[in-house]
Amino acid sequence: MAITKIAQVDVGAGGAANITFSSIPGTYTDLMVSMSIRSDVAENGTLILVQFNGDATDANYTWLRLLGNGSSTFSSTATQLQGGFATGSTSTATTFGNSSLFIPNYAGSAAKTTSADGVSENNATAAFQTIWAGKWTGTAAITSITLKSGGGNWVQYSSATLYGISNSGATGATVS
Amino acid sequence: MPNGMTALATLTLGGSQATVTFSSIVGTYRDLMLIIQDTGSGTEGLRIRINGDTGSNYSYVLMAGDGSSASSGSGSMTELIGGLVYSASISNSIYHFMDYSATDKHKTVLSRNNNASVNTVATAQRWASTAAITTLLVYPTAGTFAAGSIFTLYGVSA
């Protein structure tokens, strides 16, 4: 089977400032992070910021997104790396944002690209659905991934799961 | 990303190449996933042709953001669309071919296509054929893929 669960982080009582996957083995081809996250920030949607290998230099990242809020669409781009949406403390209770971050060829020696999709859940009118393109200029293999909030903490029962996808032993088609 | 994925074929280009072809695709899975990370020789679009079909049998609806404006479009083509092949920046694409080996339906394809310097795109496309997919021809609208571009095809089990 080409997809393997590497690790899962569940936020406990008291919350957490970050969710971090570390010591990621370089034996897979691609990585995928599935996220179900809520923040304690007083807003309807909290952006999930992503850092690789502890690189905290915003200028080493680029995000470009398409966002819909239920009535309008927007596109924008900046430095940092956005990888998903969490619900905030003013969102409908007991609801968590859902996001998926895909990182192809994470262990290669080129710059790293990402593909992300995320929604913040809310029974009211203010909710966000977003798709992102991302880039990290780092050429080292990714060995750690940190999911940070722009402010505040991730609350209890937030969770994230890291999967590895492998292309080794490929059989069933020919490519040239 | 679905579970039950098995790698069918993979290729990392050692030099520039005009096309990449996946052939003799087995019909024993439910869906296919095609993952591409590429650069190229120019400023081109990424195209995919199924089973050598050059007819106007492909239709699409897409939404896109270019970092300043959002857009949506639809139409018919002679191939699948969505991604980019740029020399100046790296792109990634994920194509999900649903029920690819069924012979009782047209084929639907969902894609996500990304270039953080250019745009992010989501498409829903249809290939108007009931034939099982056995071949995928991947190419830029002009020029070549650059060395280091990576193409991987996965089968997804039901």
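**View 1. The second largest pocket, lined by 15 residues.** Ala110(A), Gln37(B), Ile90(B), Gly148(B) and Ile150(B) are the lining residues nearest the centre of this pocket. The model is predicted: local features need pLDDT of at least 70 and side-chain atom pairs count only at pLDDT 80 or more, while totals for chains, interfaces and linings use all residues. Residues are numbered from 1 along each chain as its sequence is written, chains are lettered from A in the order in which they are written, and side-chain values use heavy atoms, with hydrogens and water left out. A pocket is an open set of points on a 1 Å grid over the protein atoms alone, where a 1.4 Å probe fits, with protein on both sides within 12 Å along at least five of seven lines; lining residues have an atom within 4 Å of a point. The second largest pocket holds about 170 Å³ of space, the volume being that filled by probe spheres set on the points, which are joined across faces, edges and corners. Its lining has five nonpolar, eight polar and two charged residues (Ala, Val, Leu, Ile, Met, Phe, Trp, Tyr, Cys and Pro count as nonpolar, Asp, Glu, Lys and Arg as charged, and the others, Gly among them, as polar).

**View 2. The largest pocket, with about 430 Å³ of space.** Of its 20 lining residues, Asp117(A), Ile94(B), Leu110(B), Ser111(B) and Arg112(B) lie nearest the centre. Two or more residues each come from strands S8 (97-103), S9 (112-120) and S10 (128-136) of chain A and from strands S8 (91-98), S9 (107-115) and S10 (119-127) of chain B. Strands are DSSP runs (E, at least two residues), numbered from the N terminus. The lining divides into 10 nonpolar, eight polar and two charged residues.

**View 3. The salt bridge between Arg112(B) and Asp117(A).** Their side chains meet at 3.1 Å, N to O (a salt bridge is a side-chain nitrogen of Lys or Arg within 4 Å of a carboxyl oxygen of Asp or Glu). Arg112(B) lies in strand S9 of chain B and Asp117(A) in strand S9 of chain A, so the pair joins two chains.

**View 4. The contact between chain A and chain B.** Chain A gives 41 residues and chain B 47, contact meaning heavy atoms within 4.5 Å.

Technical notes. Helix = DSSP H or I, 4+ residues; strand = E, 2+ residues; numbered from the N terminus.
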